[in-house]
Amino acid sequence: MNFLQTNKKDKLYFIETWGCQMNEEDSEKLSGMLISMGYSSCENRNDADIIIFNTCCVRENAELKVHGNLGQLKGLKKSKKDLIIAVCGCMMQQKGIPQEISKKYPFVDIIFGTHNLHKFPEYLNRVLMNDERILEIEAGSDEIIEGLTIDRKSSLKAFVTIMYGCDNFCTYCIVPQVRGREKSRKSEDIINEIRELAKDGYKEITLLGQNVNSYGKGLEEDIDFPKLLKKVNEVDGIERIRYMTSHPKDFSDDLIEVMKNCDKVCSQLHLPVQSGSNRILRVMNRHYKKEEYLDKIKKIKSLIPDLAITTDIIVGFPGETEEDFEETLDLVREVRYDSAFMFLYSNRKFTGADMMPNQIPDEVKHKRFNRLVETVNQICAEINKTYEGKIVKVLVEGNSKNDETKLSGRTDNGKLVNFIGDKNSIGKIVDVKITNPKSFSLEGEQI
Ligand code: SAH
Ligand code: SF4
Ligand code: F3S
């Protein structure tokens with residue numbers, strides 16, 4: 001893609017990203033566009049000539065953070081007249097929100113959404129040349145924009161989006177509204193991107209989609225997610241393949257088979273359960289029962305040794321009774337998750353659950369949440385304890401964040417390991433003996 005090239009080597013940009021890996025990847029694309037235009041990134045937003053906020057709206061607190069941060073920029077813009085401020089991402093795809101942001105924060109120069117991300121260079125040039133204020137949001141289309149430069153944060157691990165959007169309409173969730181309908185990339189485009197990554201030295205790929213099991217729907221080629229995984233497994237140079245997220249209703253025997261047979265596909269499964277109560281699962285529009293979920297877990301655990309299972313759980317969905325919640329705790333004890341992302345239910349406008357009666361008081365939600373966290377964390381620590389004395393294979397990512405004298409990386413099944421080892425191992429897979437398992441990470445020594 002050709003961008004208007006300007007000599008802005010001394011011009012700096014700063015991107016703040018909230019939300020999931022989809023937004024992370026979008027920010028890497030924005031970064032790629034800015035670098036192609038001659039800008040450089042900076043660590044501190046006070047130094048930047050362009051500030052971009054890439055927003056999330058999955059829960060209310062994500063939106064509150066955006067408001068808080070935008071409020072802080074008012075003074076900065078006053079003292080730095082040429083500063084350009086842009087706001088984009090999922091929050092901007094909600095009805096009325098871009099207009100509200102534009103009015104409340106008149107110092108914001110550019111507002112755009114998730115479907116017109118690729119037009120950012122054009123918007124930026126319009127602001128620079130004509131001193132315009134821009135508010136442009138597009139509805140989703142079937143088109144997928146390929147070929148954007150991605151400036152990836154890591155030089156070892158890369159996210160590769162395989163499909164956009166979601167057609168599931170879980171009643172609590174705003175994602176289908178703001179990310180649009182499902183559309184899959186052609187497998188050829190995905191494989192070419194991964195081959196390029198392998199050439200550049202990348203070792204680990206995470207395939208991304210809101211529901212990767214729907215991959216291939218609507219494409220002319222004969223492809224589905226298990227077939228795609230097999231193709232990715234054949235790319236030379238790539239050593240580890242992960243994926244997220246898989247919807248339990250579509251998690252198939254075919255996929256288990258491929259996970260078992262493809263040596264590079266990691267022994268890790270993120271399978272969001274959301275609730276352990278069939279009644280709540282039904283009103284959430286999840287299309288599976290607790291028993292079906294547990295059967296799938298049992299099957300995959302029996303076929304894939306060392307499998308680590310993680311999940312997402314929502315506490316306090318409208319109408320959740322004490323009994324419903326107890327069923328969630330029971331399910332957690334039965335599956336024994338390696339870790340879980342736990343959320344307080346947050347009411348989102350225009351979703352199916354928005355108008356549901358029996359919204360749960362905050363105090364009740366918090367009490368249940370604390371009990372859930374305690375249960376999950378205890379199991380997590382117990383599982384980690386079983387690693388004591390074991391030898392695990394770690395892809396070494398770099399220095400440990402908390403202790404510069406140590407190295408850090410992840411096991412095949414996704415566990416974080418901090419260890420004493422040889423700095424020359426960075427970028428390689430090495431054997432590490434676990435000497436001290438902690439609640440949320442493992443410590444060890446390279447052997
Ligand atoms: N497509 C993925 C991720 C969706 S968003 C999936 O289906 O798993 C990530 C998680 O946020 C969801 O799994 C859910 O647990 C949580 N979430 C979504 N909407 C929420 C809401 N309104 N309140 C609280 N948690 C929510
Ligand atoms: Fe949201 Fe459900 Fe789609 Fe996940 S599958 S993005 S939770 S609607
Ligand atoms: Fe948030 Fe959008 Fe992801 S709403 S969770 S950034 S898809």
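Glu322 is partly exposed, with a relative accessible area of 33%, and Arg371 falls in the partly exposed class as well, at 32% relative accessibility. Here buried stands for under 20% relative accessible area, exposed for over 50%, and partly exposed for anything in between, using a 1.4 Å probe and protein chains only. The model is a predicted one, so local features need pLDDT of at least 70 and side-chain atom pairs count only at pLDDT 80 or more, while totals for chains, interfaces and linings use all residues. Residues are numbered from 1 along each chain as its sequence is written, chains are lettered from A and ligands numbered from 1 in the order in which they are written, and side-chain values use heavy atoms, with hydrogens and water left out.

The side chains of Glu322 and Arg371 form a salt bridge, with 2.7 Å from N to O. This pair links distant parts of the chain, as Glu322 sits in helix H11 (residues 322-335) and Arg371 in helix H12 (residues 362-385), 49 residues apart. Through salt bridges with shared partners, Glu320, Glu322, Glu326, Arg368 and Arg371 end up in one network. A salt bridge here is a side-chain nitrogen of Lys or Arg within 4 Å of a carboxyl oxygen of Asp or Glu, and by this rule there are 36 of them. Helices (H or I, at least four residues) and strands (E, at least two) are DSSP runs, numbered from the N terminus.

Two other salt bridges involve buried residues. Arg242 and Glu204 meet at 2.9 Å, N to O. Arg242 belongs to strand E11 (residues 240-244) and Glu204 to strand E10 (residues 204-208), so their pairing ties together parts that are 38 residues apart in sequence. Both Arg242 and Glu204 are buried. Glu193 and Arg185 make a salt bridge too, at 2.8 Å from N to O, and both of these residues are likewise buried.

Turning to the ligands, 14 residues surround ligand 1, and the closest are Tyr172, Gln210, Gln274, Asp312 and Ser346; a residue counts as near if one of its heavy atoms lies within 4 Å. The shell splits into seven nonpolar, four polar and three charged residues. For these classes, Ala, Val, Leu, Ile, Met, Phe, Trp, Tyr, Cys and Pro count as nonpolar, Asp, Glu, Lys and Arg as charged, and the others, Gly among them, as polar. An oxygen atom of ligand 1 lies 3.0 Å from an N or O atom in the Arg59 side chain, and a polar side-chain atom of Gln274 is 2.7 Å from an oxygen atom of ligand 1. On the backbone side, a polar atom of Tyr172 sits 2.9 Å from a nitrogen atom of ligand 1. Strand E13 (308-315) and strand E14 (339-344) are the elements that give two or more residues to this shell.

Ligand 2 has Cys166, Asn168, Phe169, Cys170, Tyr172, Cys173, Val175, Pro176, Gln210, His247 and Arg286 around it. By class, that makes seven nonpolar, three polar and one charged.

Finally, there is an open sheet of six strands, in the order E2-E1-E3-E4-E5-E6, with parallel pairing. Its edge strands, each pairing on one side only, are strand E2 (40-41) and strand E6 (134-136). Strands pair if DSSP finds at least two bridges between them; E1 (residues 12-17) and E2 run parallel and are joined by two bridges. Within this pair, Tyr13 stands opposite Ser41 in E2.

Terms used. Polar contact = N/O pair within 3.5 Å; in protein donor to acceptor, adjacent residues only side chain to side chain.
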